[in-house]
Amino acid sequence: MNDTRAAGNGEGAGGFVAPEGFRLLPGHFDRSAQQALLDEIRAVVVEAPLFTPVMPGTARPFSVRMTNCGPLGWVSDVSGYRYQPAHPVTGRPWPALPDTLLALWRALAPGARDPQACLVNFYGPEARMGLHQDRDEADFSAPVISISLGATAMFRLGGTTRKARTRSLRLASGDVVVLGGAARLAYHGIDRILAGSSTLLRDDGRLNLTLRRVTD
Ligand code: SIN
Ligand code: FE2
């Protein structure tokens, strides 16, 4: 197989073995489905504008801007990371989760309870995200499901410890990643955005939508 993006499972270059439960579904959403989803996310952003989160303690701003939809939203500010039912700037409840995302979750996470949060991360051409685990949820039995729209990102996938080997994978517009099983707590991050890689969003912008179950 020449498409290295599809080699997410099993052994890759340098002996990297993706944690069990990692899935990459390249091109899961075709261009027209990407456009429809983008329109739904634009409507979310009108109601719940993107904000710039800051790191707990240091107050250093993130390079991504964020918003959320669904009953709960993930936020980060000087006092820490948490989920909350309202937008930190407007104070209004987060907009509803689009049906397309609920349907995706139910198809890829059969048996899991419905997602409670969809974090919307917007990356400009210089944005990145450091290696981290998603662990602010009380329930790790449900997977994390993420959808990429717009510019291709260099995604870094590691193991369940910070020092485990990592591997770089490209996430293109329409790709879906599932972090389930052992991969639910896999370290991951975004090294960079590839300029000129998509025409879906203007100016090499990228959106990543992350669906999560929060409470157990
Ligand atoms: C995240 O881990 O929150 C974002 C991952 C991505 O942008 O693909
Ligand atoms: Fe994450």
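# A walk from helix H1 to the iron site

Start by selecting arginine 31, which sits in helix H1; helices (H or I, at least four residues) and strands (E, at least two) are DSSP runs numbered from the N terminus. Before you click further, note that this is a predicted model, where local features need pLDDT of at least 70 and side-chain atom pairs count only at pLDDT 80 or more, while totals for chains, interfaces and linings use all residues. Residues are numbered from 1 along each chain as its sequence is written, chains are lettered from A and ligands numbered from 1 in the order in which they are written, and side-chain values use heavy atoms, with hydrogens and water left out.

**Stop 1**

Arginine 31 counts as partly exposed, at 43% relative accessibility. The scale here is buried under 20% relative accessible area, exposed over 50%, partly exposed in between, with a 1.4 Å probe and protein chains only.

**Stop 1: aspartate 175**

Next, pick aspartate 175, in the loop between strand E9 (167-171) and E10. Is aspartate 175 buried or exposed? Its relative accessibility of 2% counts as buried. Show its polar contacts (pairs of N or O atoms within 3.5 Å; within protein, one must be able to donate a hydrogen and the other to accept it, and residues adjacent in sequence count only if both atoms are side-chain atoms). The aspartate 175 side chain reaches the backbone nitrogen of alanine 172 at 2.8 Å. A polar atom of that side chain also lies 2.7 Å from the backbone nitrogen of glycine 27.

**Stop 2: serine 76**

Jump to strand E3 (residues 73-77), where you'll find serine 76. Serine 76 is buried too, with a relative accessible area of 4%. What does the side chain of serine 76 reach? Draw a line from there to the backbone oxygen of valine 54, and the distance reads 2.8 Å.

**Stop 3: the iron ion**

Now select ligand 2, the iron ion, and the protein donors His132 (NE2), Asp134 (OD) and His188 (NE2), which lie 2.1 to 2.2 Å from it. Donors are N, O and S atoms within 2.8 Å of the metal (3.2 Å for Na, K and Ca), and water is not among the atoms, so sites may look incomplete. The donor residues follow the spacing H-x1-D-x53-H in sequence. Aspartate 134, in the loop between E6 and E7, and histidine 188, in strand E11, are 54 residues apart, so this pair links distant parts of the chain. Both are buried: aspartate 134 at 5% relative accessible area, histidine 188 at 8%.

**Stop 4: the largest pocket**

Select Phe62, Trp74, Met129, Gly130 and His132: of the 36 lining residues of the largest pocket, these lie nearest its centre. A pocket is an open set of points on a 1 Å grid over the protein atoms alone, where a 1.4 Å probe fits, with protein on both sides within 12 Å along at least five of seven lines; lining residues have an atom within 4 Å of a point. The space inside is about 720 Å³, a volume being the space filled by probe spheres set on the points, which are joined across faces, edges and corners.

Colour the strands next. Several supply at least two lining residues each, among them strand E5 (117-123), strand E6 (129-132) and strand E11 (188-193). E12 gives the most, with four residues. By class, the lining divides into 17 nonpolar, 10 polar and nine charged residues. Here Ala, Val, Leu, Ile, Met, Phe, Trp, Tyr, Cys and Pro count as nonpolar, Asp, Glu, Lys and Arg as charged, and the others, Gly among them, as polar.

**Stop 5: the second largest pocket**

This one has a volume of about 280 Å³. Of its 14 lining residues, Arg42, Phe122, Leu201, Arg202 and Leu207 lie nearest the centre. Which element gives the largest share of the lining? Helix H1 (residues 31-47) does, with five residues.

**Last stop: aspartate 203**

Finish in the loop between E11 and E12, at aspartate 203. Aspartate 203 is exposed, with a relative accessible area of 62%, and has a positive phi of about 55° although it is not a glycine.
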